[in-house]
Amino acid sequence: MRSGSIRTAIASDVGLRRRNNQDSGIARRGVYVVCDGMGGGMGGERASRLAVGRLARLADQPERGRDDIDNALAEAQHDILALGLELGGVAGTTISGLILPTVPSETSSPSKISIPSEMSIPSKATSPSETTATAPTSTNTRAETSTATATTANPEPAKASREFIDQAYVVNIGDSRTYHMNPLPRTDADAEPTTTDDGLTDVTPLWDAASLTRITRDHSQRQEAIDSGRMLPEVAEATIPRNIITQCLGDPNGIKPDVYVADMVGRFIVCSDGLHGEVPDDRIAAIAAAHANPQEAVDALLAAALNAGGTDNITVIVVDMPPVSPKHHAFSAYRLNVGEEIGVIEDSTLQTLRTLRSA
């Protein structure tokens, strides 16, 4: 069981070197995803918007399983391949982010999370509702989500193990990233309820910078050289450009998305490489941990990327999940095999997750 509120914020900036913003993002109805387009001219911008459009349809579904996610990505792949043909070249986009198995709802329910209705965000506006940000060429687009309080637990499929209730999907293609941070342990005095701007009662967690974990792995030549053991990380970073990716939506050779299962608790940070390419992970962790409010964290991360050079478009989403009580294990995330689903996981994957948690 969990109680509290999901709180999200999203911001996008064209950066200091680019003329247009090829990033897009969605933070709506339990779908929190960043897309970083590529393809020259308007190709990348259109590609990332096409991908977000497919994810927006996914957000409108009351429930989303592995098949729904795979189908949405396949449809986006089809759309972007067609765009490449239209433009006489290749258009593509990365995608990374968090997808909840059920749509958050305003109604307190054993299988829902309470959240207000959606709306689009204007540039430099703040709104207490979930948002879709297809980032324009203006300097900054931002919005904040503050959700209603509810008591929730994800529904348990017939074959599900109870230890895997309260989990979400993390998807990734390319080199945008999804990170996770744990809340700091709090005393009873620290955990006094507070009233949010929209009149809701909530306990705002503090965040542990040392716990920052990158859930996703980049689909890039640099990452492949590191993962294969051919190069030490510092050698790969010095010799292989970070932006040579090996997979994207729109790749004529096809896609092999990474889909992870992650515990649905803590702070998730989703970003394009305009952030992590300028700001090292330890700095991202320190900045994110210094701001309890998600919008303040997003704005500070975006400012750090601009101060570091702002050579690319920058898009950041922060999603704060309410704490689980009682806490029964440490946070864990694991990449699903082809065909695996939350609640219907092969024995080998279950054993790996148990090993991760015991460690």
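In the protein chain, residues 24 or more positions apart account for 77% of the contacts with a separation of 6 or more, where a contact means heavy atoms within 4.5 Å. This is a predicted model, in which local features need pLDDT of at least 70 and side-chain atom pairs count only at pLDDT 80 or more, while totals for chains, interfaces and linings use all residues. Residues are numbered from 1 along each chain as its sequence is written, and side-chain values use heavy atoms, with hydrogens and water left out.

The protein chain contains eight helices and 18 strands; helices (H or I, at least four residues) and strands (E, at least two) are DSSP runs, numbered from the N terminus. Of its 359 residues, 54% count as buried, a word that stands for under 20% relative accessible area, with exposed for over 50% and partly exposed for what lies in between (1.4 Å probe, protein chains only). The accessible surface of the chain comes to about 15,100 Å², and 52% of that belongs to carbon and sulfur atoms; such areas come from the Shrake-Rupley method with a 1.4 Å probe, and for residues only the protein chains shown count as cover.

The mean pLDDT of the protein chain is 77, and 70% of its residues reach 70 or more. Over residues 106-132 pLDDT stays under 50, although the model has 97 contacts beyond four places in sequence for them.

After H2 comes Gly 88, whose phi is positive, near 75°.

Helix H1 also holds Ser 48, which counts as buried because its relative accessible area is 0%. Beyond its neighbours within four places in sequence, Ser 48 is in contact with Gln 22, Asp 23, Ser 24, Cys 35, Gly 37 and Thr 93. Of these, Cys 35 is itself buried, at 0% relative accessibility. Cys 248 is buried as well, at 9%, yet the structure holds zero disulfides, a disulfide being a pair of cysteine sulfur atoms within 2.5 Å.

A positive phi, of about 50°, is also found at Arg 29, although this residue is not a glycine. Arg 29 lies in the loop between strand E3 (23-28) and strand E4 (31-38), and it is partly exposed because its relative accessible area is 23%.

Finally, a search of the whole structure finds one aromatic pair. The rings of Phe 268 and Phe 331 have their centres 6.2 Å apart and their planes at 70°, so the pair is edge-to-face; rings of Phe, Tyr and Trp (its six-membered ring) pair if their centres lie within 6.5 Å, and planes under 30 degrees apart count as stacked, over 60 as edge-to-face and the rest as tilted. The pair links distant parts of the chain, 63 residues apart, with Phe 268 in strand E16 (residues 266-271) and Phe 331 in the loop between strand E17 (314-321) and strand E18 (333-335). Phe 268 is buried, at 0% relative accessibility, and Phe 331 is buried at 17%.

Note on methods
pLDDT = per-residue confidence, 0-100.
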